[in-house]
Amino acid sequence: MRQSYRIIPIYTADVSGVCSALYELGGMTVMHDPSGCNSTYNTHDEIRWYDQDSLIYISGLTEIDAIMGNDQKFLDDIKEAARELHPKFIALAGSPIPYMNGTDFPALAQVLEEETGIPAFAVPTNGMHDYVYGAGIALEEIAKRFTGEKTGRIQARTVNLLGVTPLDFGPVSHVEVLKENLKACGWKVLSTWAMGDEPDAFLQAGEAEVNLVVSSVGLRAAKVLEEKFGTPYVVGTPIGSYTERIAKALEEKEQISYRKDRMQGRKDRKVTLIGEPVIMESLAAGIEEKYDCRVEVLCPLEETDGLLADGDRWVHGEEEMEEALKAAEIIVADPLYKPICPKNCEFYELPHIAFSGRIYLKKLPVLGKLV
Amino acid sequence: MKKIAVYGKGGIGKSTTVSNLAVALAEKGYKVMQIGCDPKADSTIQLRHGKEIPTVLEMFQQKKQNLKLEDMVTVGYAGVVCVEAGGPTPGLGCAGRGIITALEKLEETGAYETYQPDIVLYDVLGDVVCGGFSMPMRKGYADQVFIITSGENMAIHAGANIAMAVENFKNRGYASLGGIILNKREVPREEEKVQELAGDFHTQIIGRLDRSELVMEAEEAGKVLLEYAPDSQMAEEYRKLADQILAVCGEEKPC
């Protein structure tokens, strides 16, 4: 099966994922690239770009600097900007050219940290992975380095929401709905990784009773926090009425509750969902519970290990997706999928910024209110 | 686990020296892994008696995400674990990037955990011509770099470039310079010139290997000298070099 995309777009790339995850945290994120990565990011992927300041930089890598391996210019530019702006951290994200050159970003981050005294880290992006990978590793680094020491204090019935970026959830008002859903079930959100919070909210993340991974972006951070603070994690998105089930999973520390909840073995009329695994699986479980209607999830993103229910699957590339959709009767997906869906299917629009950017921003659903 | 990278000008005798060193270390009871970082893929050829082995990059190209460690690792003479990074077709692609990918693939497939070598030897092509060839000296790879040179001017020049790269990368947490191995070619003022190189980079000549016809005979026979002529004077020189490298690395005797 070919992996080319003729009709549908590809998902937001890893570099944008890093920028999106770190956008509100007071750090400085530097994409090492001639300039293409930043225009894609601020034009298509970042809905906060015009309303909210952030220290997102592009290095402006030139042909001759790439050929000559002029890492010093990259370092000097960052140091100069950092001296002026005093970021809380410096994050380096690579793109295809430095990837091919073999630029050693972890070593450059070490040099920056030693020379500026500002914590610095690298995210091994190369523009060839999807946003979940980039954003996931960025939040993993935050979990490792910016969450303070273990105090042993646990605040009962509190959670951190892990894996929250506009790429999956839209504006912060939509994220508030997730928090309200949990609040209605007796759970307070301590920190949201990573939007809508004070940057220091991370410092108390280790005091949460449990972490809730609301999208696959948060999974790596959840594993670090489990190791660092012993905090268990639950995977699932508090969508509408399904929030009650999530709340029960939080109480019982049931790691991936939706996998148990999904209908098995029924061959009746089905709904097909396409998108990010955790949100779509939670939505599928909510639909099945509410409408007694079998749902299948097709996931086109890279990181699905252990996240999909039986019968659901990872689909790679446009041709494979087109094939997988042939028998679908009801499809719920981003509108840009419509051209590869069967003509006689019922299609319901579920815009996803990580797929169609800002095009359908005004029609963006509030995920927390869907079922 | 000690990781050692050996650099030097092309044709100076790196692979021959590293392979004999690997066997000398294996004789002392160490589990040794030798990784050839050269598109020619001939670093371990004497350890495998000329038998062809698939390279890491060939296997990755064929098997993509299904790449398995056993596809690219062969156990050679004296139990030395042999790996060849491989590289692109001459004149195409990017050999330096190939070295990075090959070493990453070895790590991803658990080469070090599975074979648990006491000593890993990276035998690296030529001098540090681009970022890819600095990979074996990066953090997480070699702890120490040894440079092989003769008294020939070109070999000394290449050695100086390598030492300079190690020096430049000091603040990146890369490997440090362990010393220089003098592989004699019987040129005028050989010892003096190599001593001068060592002095310039505040290091020492940690081992000396005489020029010996036996080394070439062993190569013709497709064997390492320690297998071809284990009782020879030259074999003793390799064993002595192994002791000197262990001393520099602070390695204790294996259990």
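The dialogue below takes up strands, sheets, helices, backbone geometry, domains and the chain contact in turn.

Modeller: This is a predicted model, in which local features need pLDDT of at least 70 and side-chain atom pairs count only at pLDDT 80 or more, while totals for chains, interfaces and linings use all residues. Residues are numbered from 1 along each chain as its sequence is written, and chains are lettered from A and ligands numbered from 1 in the order in which they are written.

Biologist: How should I read a strand, and towards which sides do the residues of β3(A) point?

Modeller: In a regular strand the side chains alternate between the two faces of the sheet. Helices (H or I, at least four residues) and strands (E, at least two) are DSSP runs, numbered from the N terminus. In β3(A), I90(A), L92(A) and G94(A) point one way, whereas A91(A) and A93(A) point the other way. Strand β3 spans residues 90-94 of chain A, and 5 of its 5 residues are buried. A residue is buried if 20 or more other C-beta atoms lie within 10 Å of its own, exposed if 12 or fewer, and partly exposed in between, with C-beta atoms placed from the backbone.

Biologist: Which strands pair with β3(A)?

Modeller: Strands of a sheet pair through backbone hydrogen bonds, either parallel or antiparallel. Here two strands count as paired if DSSP finds at least two bridges between them. Strand β1 (residues 28-32) of chain A pairs with β3(A) in the parallel sense over 5 bridges, and M28(A) has I90(A) as its bridge partner. Strand β4 (residues 120-123) of chain A also runs parallel to β3(A), joined by 4 bridges; there, L92(A) has A122(A) as its bridge partner.

Biologist: In what order do the strands of the sheet in chain B lie?

Modeller: The order is β3-β4-β2-β5-β1-β6-β7-β8 in an open sheet of 8 strands with mixed pairing. Its edge strands, β3 and β8 (205-209) of chain B, each pair on one side only. One of the pairs is that of β2 (residues 32-37) and β5 (residues 119-124) of chain B, parallel over 6 bridges. Within this pair, M33(B) is the bridge partner of V120(B). Helix α9 (residues 233-249) of chain B packs on the sheet and touches β1 (2-8), β6 (144-149), β7 (176-183) and β8 of chain B. The direction of α9(B) makes about 170 degrees with that of β8(B). Axes are lines fitted to C-alpha atoms, for helices over the stretch in contact, and angles run from 0 to 180 degrees between N-to-C directions. Two residues are in contact if their C-beta atoms, placed from the backbone, lie within 7 Å.

Biologist: Which residues of helix α11(A) are buried, and what covers them?

Modeller: In α11 (residues 243-252) of chain A, the buried residues are T243(A), R245(A), I246(A), A247(A), A249(A) and L250(A). Their cover includes β5 (155-162), α9 (172-184), β7 (208-213), β8 (233-235) and α12 (257-261) of chain A.

Biologist: Where does the backbone show a positive phi or a cis peptide bond?

Modeller: Most residues other than glycine have a negative phi, and most peptide bonds are trans. Just after α11(A), K253(A) takes a positive phi of about 55 degrees. This residue, K253(A), is in the loop between α11 and α12 of chain A and is exposed, with 12 other C-beta atoms within 10 Å. In chain B, K64(B) has a positive phi of about 50 degrees although it is not a glycine. K64(B) lies in the loop between α2 (56-63) and β3 (74-75) of chain B and counts as exposed, with 8 C-beta neighbours inside 10 Å. The peptide bond from W193(A) to A194(A) is cis, with omega near 10 degrees; A194(A) lies in the loop between β6 (188-193) and β7 of chain A.

Biologist: How is chain A divided into domains?

Modeller: Chain A has domain 1 (14-145), domain 2 (155-257) and domain 3 (258-369), with bounds from an automatic or database domain assignment. The C-alpha centres of domain 1 and domain 3 of chain A lie 32 Å apart. Their contact takes 9 residues from domain 1 and 8 residues from domain 3 of chain A. On the domain 1 side, α2 (36-45) and α7 (131-145) of chain A give two or more residues each, and α7(A) gives the most, with 4 residues.

Biologist: How many residues does each chain give to the contact between chains A and B?

Modeller: Chain A gives 11 residues and chain B gives 12 residues. On the chain A side, α6(A) gives the most, with 5 residues.
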